[in-house]
Amino acid sequence: MTDLTETPSGYTDGDVDTNHSTAVTLNELADQRYSRRTLLRGSSAIVAATMGSSLLAACDNNNLESDTAPAVSAGTAAATTAGRMVTLAGSATDDKQVGSVAWTQVAGPQVTLTNASTNTATFLAPVVAASTELKFRFAAVDSRGQTSFADTSVTVTPATLGFTAVAKNKLDVVTVPTGYTVTVINRTGDPIAANVPAYKNDGTDTNFAQRIGDHGDALYWYGLNADGTARDANSSTRGLIVQNHENINQQYLHVNGPTGTKTGEVRPEGEAQKEIDCHGVSVTEASEGAARAWSVKQDSTYNRRITPATPMAFSGPAKGSDLLKTVYSPTGVAGRGTINNCANGTTPWGTAITCEENWAGYFRRTGDNANRTARELTALARYGVSGSGNYGWSTVTPADSTNTLFRRWDARAGTGTATDDFRNEPNQFGWIVEIDPYAPTSTPRKRTALGRLGHEGCWPGAFVVGKKPAWYMGDDSRREYIYKFISATAWVAADATASDRLATGDKYLDNGTLYVAKFNADGTGSWLPLVFGQNGVDASNATYAFANQADVLVNARLAADVVGATPMDRPEWTAVNPVTGEIYVTLTNNNAANRPLTGTDAANPRHYNDPYGTAKTAQYGNPNGHIIRMKEADTEATSFTWDIFAFGAGADLDKANINLSSLDDSNDFSSPDGMAFARATHAGGQVKPIMWLQTDDGAYTDVTNCMMLAAQPGTVGDGGARTITNTGSNGATATQATRIGAAPGANLRRFLVGPVECEITGVDSTPDGRTLFVGIQHPGEGATDPTKPTSHWPDSQAGGTVAASVRPRSAVVVITKNDGGVVGL
C-alpha cells in the first residue's frame with residue numbers, strides 16, 4: 001500500500017483524495033485548461049455554478065484515455081457601440097456528449113449576461129467615453145468532465161444613432177425604423193378608474209373626469225417600486241405617466257359635432273362639461289408585462305385627472321395679490337384648475353411641472369372697456385384676452401345655479417369690485433403648476449415666482465450641490481421671449497428623496513429671480529432681471545405703471561418689454577443637454593408680419609419663402625423655424641454665448657441662405673416644437689446624448705406628416721459666423737449676420753413619422769432607455785364633419801380595413817427595439 005503522504009494529490013485540510021492513479025485527474029485538467037483565477041475575475045464562479053454537477057459526476061477516470069475534450073469556438077472578435085444589444089455565439093462539439101456550456105466575462109466594464117449557460121448569450125453594450133475592449137470566455141465540459149474554453153472580444157465605442165432614417169410620408173400610421181415595435185396606450189377616452197365603461201368613440205361618452213383627456217401633449221415617466229407602493233426613480237418596468245391634455249378635437253366629442261356654437265346661442269351644459277374635462281393633465285400607472293407588452297392599470301389608486309375644475313393653491317410672491325382675487329377666491333390664494341397644458345418640466349424630488357400655454361382665448365371679454373382702467377386694458381391687450389371665448393363655455397346656464405364653473409370663463413368686469421365677478425380670472429392662468437404624481441389627493445401649486453406667460457416648457461438645468469438651480473422657459477407666441485428662473489436656494493442633494501415633495505417645491509420654486517433673454521449679434525447674451533424697481537420696471541413706467549413685484553410677475557410680458565428682451569420666432573419647448581448643460585429652445589416659426597425682411601436679427605436671421613403645395617402658395621417670414629442654444633458657466637450665470645443648432649427647411653431649399661444646416665431627405669424638417677434630451681441614466685443620455693426633436697407643422701405638410709427626429713448635437717461654437725441674404729415678396733433683399741452651428745449631417749435623422757394631420761408632441765423613456773413613450777396629438781383634426789373623419793388612427797395602426805366612420809383619437813405610442821437595446825442607438 002502506498003503511503004498516503006506519497007500520493008500525488010497529497011492532503012488538504014480534512015479532505016483526502018483517494019484516487020491514487022497517476023493519470024490526469026479532473027482537477028488537474030481543470031487547472032490546465034480552465035484557469036479558475038481567470039474565470040473568477042469576471043465575478044462568476046462558473047465552474048461551481050454552471051458546471052458543478054458535471055464535474056462532480058466525472059470523478060471516475062475509467063476510459064478517459066479514449067475521451068477527448070470538447071472542441072469549442074467563441075466566435076470572432078466583434079465591434080459595437082454603447083447601448084446596443086450584443087449576441088455572443090459559441091459552439092461546442094465532443095466525441096461523447098457536451099454536458100454544460102457557459103459564458104463568463106473576463107475583462108472590461110462589467111455587463112449582465114443573459115442566457116449565459118447556453119451557446120448564445122446577450123448583453124447590452126455599456127456606456128463608454130472611448131473605444132473599450134470587453135473580453136468573454138466560452139467554456140464547455142463533456143459528460144466525462146473534459147473541459148475546454150475559447151475567448152473572444154467585443155470592442156465598444158461611444159453611442160451613435162443606430163437606425164436607418166424613416167422616409168417622409170403621408171400615411172395614417174406611426175412609421176418607425178425597421179427593427180422597432182409600436183403599441184398604443186392612453187387613447188382619448190380610455191377609462192382610468194374602476195367601473196368606468198370602455199370608450200365607445202361615437203360622441204355619446206361622458207365622465208371625462210375619469211378618462212384620458214384629449215390632445216395628449218408633453219409627458220414624463222415617474223418610476224414605482226415593484227409592488228407599486230412607493231417612488232422608485234430608477235424603475236423601468238412600473239411607473240406613472242404624467243401627460244398634459246392641451247386642447248380638444250371638439251367635433252369628435254359629440255354625436256353630431258358641437259351645438260350652440262353660433263353667436264348668441266347658449267351651449268348645452270353636458271357638452272361644455274365634457275369639453276372642459278378633456279383639458280388638463282392625466283396621471284396613469286403603466287407597467288411592462290410578458291414579452292415586453294405594456295398596459296395601463298385602470299383601477300390604480302395613482303390614476304388621476306387634473307382638470308380645469310381641480311382645486312389649486314397659489315404660492316410665491318403673487319399669492320394673495322389683488323390681481324388674483326375673484327368671487328371664487330376673494331383672498332387671491334386659491335384657484336381652480338389648469339388649462340391649455342402644453343410642454344412640461346420636472347424636478348429631482350419627483351414632481352411634475354405642467355405649463356399653461358394659450359389660455360387667453362378661452363375667456364369672454366367684450367364690451368366692458370368702460371369698467372376697466374387704462375392699466376387693465378393695457379395688460380389685457382398684451383396677453384390677448386379678448387373676444388367671446390373659444391368654446392362659448394361662459395354661455396352655459398347650469399342646472400345648479402350655484403355652479404360657477406361656466407361663469408368663470410366670463411372675464412367681463414361689472415360695476416362692482418373684483419370680488420364680485422371674474423374679471424381677474426385670466427390672471428389665475430398662465431402659470432407654472434407643480435403636481436405630485438405620487439400623492440393623488442394632493443393640491444397642485446401654481447408657482448407665481450416663475451411668472452405669468454403663455455408658458456411653453458420649464459426645463460431645469462443641472463442640480464449641483466451648493467449652486468442655485470434654474471429652470472428655462474419659452475413663451476409660445478410670435479415675438480415673445482425666452483425666460484429663466486434662478487432659485488434663491490442652493491441645491492441640497494438630500495432633497496431629491498424628500499418625502500414631502502410639494503414642500504420641497506416651496507423651498508426651491510417660491511423664491512428667486514425671473515430673468516428674460518437678450519441676444520447680442522456677436523454671439524453673446526444676457527439674462528435681464530424682472531425685478532420691481534430695476535431697469536424701469538416701476539410705477540413711473542409710461543406704458544404700464546407697475547405696483548409691486550406681484551404685479552411684475554402677473555404681467556411678466558410687459559416687464560420683459562421694458563427691459564429690452566429680444567423678441568423671438570415663437571419660443572416653445574426648452575431642453576438642457578445633461579452632459580454639457582447647454583440650453584436648447586425650439587423657435588417654431590414666424591410670419592412675414594412679425595418677422596419682416598427688415599426686421600430680422602442675429603438670433604432670428606431668416607426671412608424667405610417656402611412655397612406650399614402644387615399651387616406654390618407663398619409662405620414668407622420664417623415658416624420652418626429653428627433651434628437656438630445657449631451656453632452658460634453654470635445655472636447661476638446671468639450671461640451666455642449662443643448659436644443656432646439647426647434651421648428647419650426642406651431639403652430642396654437654398655443651402656446658402658435658407659437651408660443653412662444643409663438638411664437632406666433623411667433629416668429635413670419644419671416647425672420644431674417638442675424637444676427633450678435622453679435621460680442620463682442610460683447610454684442614450686451620456687457622452688453625446690440623443691436629443692429628440694418633434695414637429696408641429698403647417699408649412700411642410702404638403703410633403704409629409706409631422707415627425708420626430710433624433711440628433712446628437714455638438715456644442716455652442718462648433719460652427720461659425722455667417723452672413724446670409726434674405727429675399728422679400730417684392731424681390732427686395734437684405735443681408736443678415738448670424739451664428740450657425742456645425743451642419744448636423746448624419747447626427748440628425750428622422751426616427752418617426754406620424755399619422756394624418758397629427759402633431760408629434762411629448763417624449764420620454766424609462767430610465768434604462770429601452771422603452772420610449774411618444775405623444776400623438778389630434779390626428780384627423782382637419783375634419784369638420786365627425787361622420788367623415790380624415791384619419792382613423794390609432795385604429796389604423798394595426799393595418800387592414802378600418803370602417804370609414806371610425807373617429808381618430810390622440811394617444812401615447814410605446815416604442816421598443818425588437819432586440820431589447822436602447823431606443824435610437
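## Rings, pockets and backbone exceptions in a predicted model

Arginine 375 lies over the face of tyrosine 544, 4.4 Å from the ring centre. The criterion for a charge over a ring is NZ of Lys or CZ of Arg within 6 Å of the ring centre and within 35 degrees of the ring normal. Lysine 446 is placed over the face of phenylalanine 429, at 4.2 Å from the ring centre.

This is a predicted model, in which local features need pLDDT of at least 70, side-chain atom pairs count only at pLDDT 80 or more, and totals for chains, interfaces and linings use all residues. Residues are numbered from 1 along each chain as its sequence is written, and side-chain values use heavy atoms, with hydrogens and water left out.

**Confidence.** pLDDT is the predictor's confidence in each residue, from 0 to 100. Its mean over the chain is 92, and 92% of the residues reach 70 or more. Over residues 1-64 pLDDT stays under 50. For that stretch the model has 82 contacts (heavy atoms within 4.5 Å) beyond four places in sequence. Where pLDDT is low, the predicted coordinates should not be read in detail.

**Aromatic pairs.** Rings of Phe, Tyr and Trp (its six-membered ring) pair if their centres lie within 6.5 Å; planes under 30 degrees apart count as stacked, over 60 as edge-to-face and the rest as tilted. The count comes to 36 aromatic pairs. Two tilted pairs are tabulated here.

| Pair | Centre to centre | Angle between planes |
|---|---|---|
| Tryptophan 103 and phenylalanine 138 | 4.8 Å | 40° |
| Phenylalanine 363 and tryptophan 409 | 5.2 Å | 45° |

Helices (H or I, at least four residues) and strands (E, at least two) are DSSP runs, numbered from the N terminus. Tryptophan 103 belongs to strand E7 (residues 98-107) and phenylalanine 138 to strand E9 (residues 132-142), so their pair ties together parts that are 35 residues apart in sequence. Phenylalanine 363 sits in the loop between strand E20 (352-356) and strand E21 (364-365). Tryptophan 409 sits in the loop between strand E22 (387-388) and strand E23 (432-435). This pair links distant parts of the chain, 46 residues apart.

Buried means under 20% relative accessible area, exposed over 50%, partly exposed in between (1.4 Å probe, protein chains only). Tryptophan 103 and phenylalanine 138 are both buried. Phenylalanine 363 and tryptophan 409 are both buried too. Ring pairs also link Tyr362, Phe363, Tyr391, Trp393, Trp409 and Phe429 into a cluster. Phe429 is the ring under lysine 446.

**Helix H9.** H9 (residues 556-563) is mostly covered, with six of its eight residues buried. They are Ala556, Arg557, Leu558, Ala559, Ala560 and Val563.

**Pocket and cavities.** On a 1 Å grid over the protein atoms alone, a cavity is a set of points where a 1.4 Å probe fits but cannot get out. A pocket is an open set with protein on both sides within 12 Å along at least five of seven lines; lining residues have an atom within 4 Å of a point. Grid points are joined across faces, edges and corners, and a volume is the space filled by probe spheres set on the points.

The largest pocket holds about 1,000 Å³ of space. Its lining has 46 residues, of which Tyr220, Thr346, Trp459, Arg679 and Ala680 lie nearest its centre. Several strands each supply at least two lining residues, among them strand E12 (216-223), strand E25 (455-460) and strand E45 (759-765). E12 gives the largest share, five residues.

There are four cavities of 30 Å³ or more. The largest cavity has a volume of about 90 Å³. Its lining includes Thr188, Tyr199, Asp214, His778 and Arg809.

**Threonine 489.** This residue is found in the loop between strand E28 (482-487) and helix H7 (501-509). At 22% relative accessibility, threonine 489 counts as partly exposed. It touches Lys468, Pro469, Lys507 and Tyr508, residues up to four places away in sequence not being counted.

**Backbone exceptions.** Most residues other than glycine have a negative phi, and most peptide bonds are trans. Asparagine 115 has a positive phi of about 60° although it is not a glycine. It lies in the loop between E7 and strand E8 (120-124) and is partly exposed, at 49% relative accessible area. Serine 662, also not a glycine, has a positive phi near 55°. Its loop runs between strand E38 (639-647) and E39. Serine 662 is partly exposed, at 38%.

A cis peptide bond joins tryptophan 793 and proline 794, with omega about 10°. Proline 794 is in the loop between strand E46 (771-777) and strand E47 (811-817).
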